[in-house]
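Take a moment to look it over, and then we'll walk through it together.

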Amino acid sequence: MADSSDERTTRRIRRAAVVGGLGLAVQLAAALHWTPMTFIISAAVGAPLVIVGGVMFLAAVWRNMRDKGAV
Amino acid sequence: MLPVQLIVALVAGIAIMALLFAGARSLGAQTVGRIVLLVGLLGLPLLLSVGNISFGVHESSTTHFCLSCHEMKRHGMSLFVDNRQALAAVHYQNRLVDRETVCYSCHKDYALFGDVTAKLNGLRHVWAHYIAGVPEKITLYKPYPNSNCLHCHDDMRRFVEGPAHRPLMDALYAGTTSCLSCHRIAHDMAKVDAGQLWQAH
């Protein structure tokens, strides 16, 4: 059975997936109705959400490694 | 037209992320699974976002994108006016520039940061369209630079050997005499309003 550290990491990774997925969803919505405004929303909201999701994922991995004494 | 390939890629990306969300626990327990998570949750969405923005930047240079704001409709119509002296019409109708990017071809500067400046101006246009309001008379941000004309006409035989151009060459290159001081009509709005349009057969 996974320890609580792994459980926390899984939760954090899932949160990162949700945020990144949301970013892609915003970009998809913009691509379905392509106008100057939706392009800006796509670039100013969708892309940053993807970056935030990626950073959250890396942070989750880093914390997991730190908890296990790997770094 | 919908960007089908982009939409398919984004849908696939979201589906993959949903699968990774569901399988995060088991994937996190194995080395290969962790690599899959890294690629799927970091590399893939970043790649899709870069592709999406790249497509958008390219799309924002197209004629139909510029004319998608109703304020630009009359300028779009001016491409079709029946006036051989009107610059926009002559360039469009005679295919002197790519019709797909006709606005961008003449209204972006060909300097080092010409593309960036044009895109930033595009943001100002969107701001004006949605937030600040469009001015009653649409004008250029600065006087039209000769360098934009010379980017193409520079070594054109008709331009170089034109008797009207010869005495003005230095002034044209220095920008002290504007090309528009002789070629006065850029967009013939009077003919647009009068409905005098050229019909291609």
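## Before we start

Keep in mind that this is a predicted model, in which local features need pLDDT of at least 70 and side-chain atom pairs count only at pLDDT 80 or more, while totals for chains, interfaces and linings use all residues. Residues are numbered from 1 along each chain as its sequence is written, and chains are lettered from A, with ligands numbered from 1, in the order in which they are written.

## Two helices in chain A

Let's begin with H1(A) and H2(A), whose axes come within 8 Å and cross at roughly 170 degrees. Helices here are DSSP runs (H or I, at least four residues), numbered from the N terminus. Axes are lines fitted to C-alpha atoms over the stretch in contact, and angles run from 0 to 180 degrees between N-to-C directions. H1(A) and H2(A) are therefore roughly antiparallel (angles over 145 degrees count that way, and angles under 35 degrees count as roughly parallel).

The crossing of these two helices is left-handed, a label used if the near helix is turned anticlockwise from the far one by less than a right angle. Sorted by class, the H1(A)–H2(A) contact has 18 nonpolar, 11 polar and 3 charged residues. Ala, Val, Leu, Ile, Met, Phe, Trp, Tyr, Cys and Pro count as nonpolar, Asp, Glu, Lys and Arg as charged, and the others, Gly among them, as polar.

## Across to chain B

H1(A), residues 4–32, also packs with H3(B), residues 31–59, at an angle of about 20 degrees and with the axes 11 Å apart. That angle is why the two are roughly parallel. Residues making this contact include Gly20(A) and Gly23(A) on one side, and Pro45(B) and Leu48(B) on the other. Two residues are in contact if their C-beta atoms, placed from the backbone, lie within 7 Å. The H1(A)–H3(B) contact has 9 nonpolar, 5 polar and no charged residues.

Stepping back to the whole chain-to-chain contact, 31 residues come from chain A and 32 residues from chain B. On the chain A side, H1(A) gives the largest share, 17 residues.

## The nonpolar core

Which residues touch the most other members of the largest nonpolar core? They are Leu10(B), Leu20(B) and Leu41(B), in a core of 31 residues. A nonpolar core is a set of buried Ala, Val, Leu, Ile, Met, Phe, Trp, Tyr and Cys residues joined through C-beta atoms within 7 Å. Buried means that 20 or more other C-beta atoms lie within 10 Å of a residue's own, exposed means 12 or fewer, and partly exposed is in between.

H1(A) makes the largest contribution to this core, with 9 residues. Leu20(B) touches Ala17(A), Leu27(B), Leu37(B), Gly40(B) and Leu41(B), leaving out residues up to four places away in sequence.

Arg95(B) sits in the loop between H6(B), residues 87–93, and H7(B), residues 102–107. Its phi is positive, about 55 degrees, although Arg95(B) is not a glycine. Is Arg95(B) buried or exposed? Exposed, because it has 9 other C-beta atoms within 10 Å.

Phe159(B) belongs to H10(B), residues 157–160. Phe159(B) is partly exposed, with 17 other C-beta atoms within 10 Å. Beyond residues up to four places away in sequence, Phe159(B) touches His153(B) and His165(B).

Conventions:
Parallel < 35°, antiparallel > 145°, perpendicular 65-115°, else oblique.
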